[in-house]
Each structure stands twice: as C-alpha cells, then as structure tokens.
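Subject: Structure for you to look at

Hello,

Please find the structure below, with its sequence. My notes on what was found in it follow.

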Amino acid sequence: MKPGDMKAREFQSWSSVVPGWRKHDARLSQSFGIVSTALLDKAGVAIGDHVLDVACGTGEPAIPAAQRVGPKGKVFATDLVAGMVAFAKEKARTLALDNIEFVVTDGEQLELSAASFDAATMRWGLMFMPEPLACLQRIHRALKPGAAFATATWAGPDRNPWAAVPLATMKRYQEIPAPVPGQTGLFAFADPEKLKDTMHTAGFRDVTVEGLDVLWSGPATGEEYFGEVIEMAGPLASLYAKLPEDKKAAYAKDVAEEAQRQS
C-alpha cells in the first residue's frame, strides 16, 4: 500500500471514531492520563516553556502541557483529524486555557521555525504515520539545541490484550493481511530497536525506551468493553464496519465473551 493510501485509510479510521472519543473522554483521561504526565516529565516541560505536541487528538498531552507551562508558556498542538481538534479546542475553552493553539495539519508536513520549541511530545501518533521519519525530522528541526522529545507507542499484542483479543477474533470473520515493513498500525513501533533506530536516523541522540504499564479501567462486562473499544479504536472500527449485520452481532458476542473470560 502506498503512503498516500495508508494516510487516507488512517484519516478515515480516526475520523469515524471522533464521536466515541467525545463520549468516553472522561474514561480515557482517567485511564491514560498517566501517559500524558510521563511524556511531559520525560520531555522536561516546565513553567514558561514553548511546547510542540504532534498528533494531539482530543488534546493529550497538549492540554495538560498548557496547564503546566502556565500563562507565560505556549503550546502548539497539531492533528490531522479536524473532529478531534474541534473537541480539543472545546475542552481548552472550558478550562479557560488561552496559551494553547490547535491546528489541523499533517504531522509529516509540519512547517515550523527552526529551534523554536523547548520541548516536544507525541502520544500514540507515530505508528499511524506512513512516513514517520519525515515527522520526526521536522520535530527535531523545530526543537532548540538540547531540548527533549518524548513519544509513546504501543508494545506488542502480548502486552496489550485489549487490542489483541478483538483483532485475533476478527481474523475468524474476514481476511486481514499480515503487516509488512513500513505499514501503519497499532504495533508498527512495538519493537524498541526499530523505534530507537528511527529516532537516531531523524537526528535524535541519547534515545532511551522505557516501558509504562497502563490499565484501561472501567468496563464492568465484556459487552461494555466491546462497546467502548469499537467506538474508539479507529482501525478496528473500520474492519468492523465491513462485516454484514449478522456477522457484526456474532463478532461482538465472541469478543465480549473472550474479554469476559480474560478479565
């Protein structure tokens, strides 16, 4: 698949789940806030800093970054999906944050002044970019000398049953081609060495990869779990949408039952 085709697929997938991210925002913030905090800490974000947040989605970690840098600081946040950015803007207005600017743009084509940011972050965006190196190179150029960049990617399926269960089950309902090198996807940067190599190629030095355990808490039943994951996991939702109605019901039942067994 060509980069342009992959980008169009990811755009469609994540645009389709904007309502789900709005619906479950409180749960997401509660479960995954630890990741945003870790990124800000690793990037050394402090009061008065100018921070770049790429692939900000519905405002993470852009909004907590704006709260941390204070009125003398500034956050510039970007995402490809307008619906995600619109919700992030709403949340920022509710919090009366006027030190954050949201822009709908392609992270692989960022046009930023060189050496203009004190820190940069990206939470769960890199693996969905067809040309991640281009994005990283632009981030590196935009950072001041010595400034840090922190990103989060998902480990492999064995560490993430929340995603492994519905994906494995889906293979019983439709053919899913095996991932090939360079293809976008949830686990595209599950290999720490690949992540480090790509960062080094982009110009970053002193690259370290650390694990962080995250608990998606909340769903009390397998049915509730399925409802949430299908409303928020863009790529999975796109696969689910291709199933006939009768198979959708059977698939939902299978995933819920397997999730219940593993809970």
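Helices (H or I, at least four residues) and strands (E, at least two) are DSSP runs, numbered from the N terminus. This is a predicted model, in which local features need pLDDT of at least 70, side-chain atom pairs count only at pLDDT 80 or more, and totals for chains, interfaces and linings use all residues. Residues are numbered from 1 along each chain as its sequence is written, and side-chain values use heavy atoms, with hydrogens and water left out.

The cavity

Rolling a probe the size of a water molecule over the atoms shows where empty space is left. Here a cavity is a set of points, on a 1 Å grid over the protein atoms alone, where a 1.4 Å probe fits but cannot get out; lining residues have an atom within 4 Å of a point. Grid points are joined across faces, edges and corners, and a volume is the space filled by probe spheres set on the points.

How many cavities of 30 Å³ or more does the whole structure hold? The search finds one. The volume of the largest cavity is about 40 Å³. Its lining is made up of W21, D25, L28, S29, T58, E60, K91 and R123. Sorted by class, that lining has four charged residues (Asp, Glu, Lys and Arg), two nonpolar ones (from Ala, Val, Leu, Ile, Met, Phe, Trp, Tyr, Cys and Pro) and two polar ones (the others, Gly among them). Helix α3, residues 25–42, gives the most to the lining, with three residues.

Helix α3

Buried means under 20% relative accessible area, exposed over 50%, and partly exposed in between, with a 1.4 Å probe and protein chains only. In α3 the buried residues are D25, L28, S31, F32, V35, S36, L39 and L40. What do they pack against? Their partners are the helices α2 (18–23), α4 (62–69), α5 (82–94) and α9 (222–232), together with the strands β4 (117–123) and β5 (143–152). After α3 comes G44, with a positive phi near 70°.

Backbone points to check

Most residues other than glycine have a negative phi, and most peptide bonds are trans. The bond joining E60 and P61 is cis, with omega about -5°, and P61 sits in the loop between β1 and α4. A115 is not a glycine, yet its phi is positive, about 50°. A115 belongs to the loop between β3 (100–104) and β4, and its relative accessible area of 38% is why it counts as partly exposed. D206, also other than glycine, has a positive phi near 55°. D206 is in the loop between α8 (192–202) and α9, and counts as exposed because its relative accessibility is 77%.

Residues that meet across the sequence

Contact means heavy atoms within 4.5 Å. The contacts below leave out residues up to four places away in sequence.

L52 lies in strand β1, residues 50–54, and is buried at 0% relative accessibility. L52 touches F76, L112, F117, A119, A120, T121, I139 and A142. I139 is 87 residues from L52 along the chain, while their C-alpha atoms are separated by 8.2 Å.

The loop between α7 (161–170) and α8 holds T184. With a relative accessible area of 7%, T184 is buried. The contacts of T184 include M6, R9 and E10, as well as M127, F128, M129 and P130. From T184 to M6 is 178 residues along the chain and 6.9 Å between C-alpha atoms.

A190 is found in the loop between α7 and α8, and is partly exposed at 25%. A190 is in contact with W154, A155 and G156. A190 and T153 are 37 residues apart in sequence and 6.9 Å apart in space, C-alpha to C-alpha.

Lastly, S238 is in helix α10, residues 234–241. Is S238 buried or exposed? S238 counts as buried, because its relative accessibility is 16%. S238 touches Q12 and S13.

Regards

Technical notes
On a 1 Å grid over the protein atoms alone, a cavity is a set of points where a 1.4 Å probe fits but cannot get out, and a pocket is an open set with protein on both sides within 12 Å along at least five of seven lines; lining residues have an atom within 4 Å of a point.
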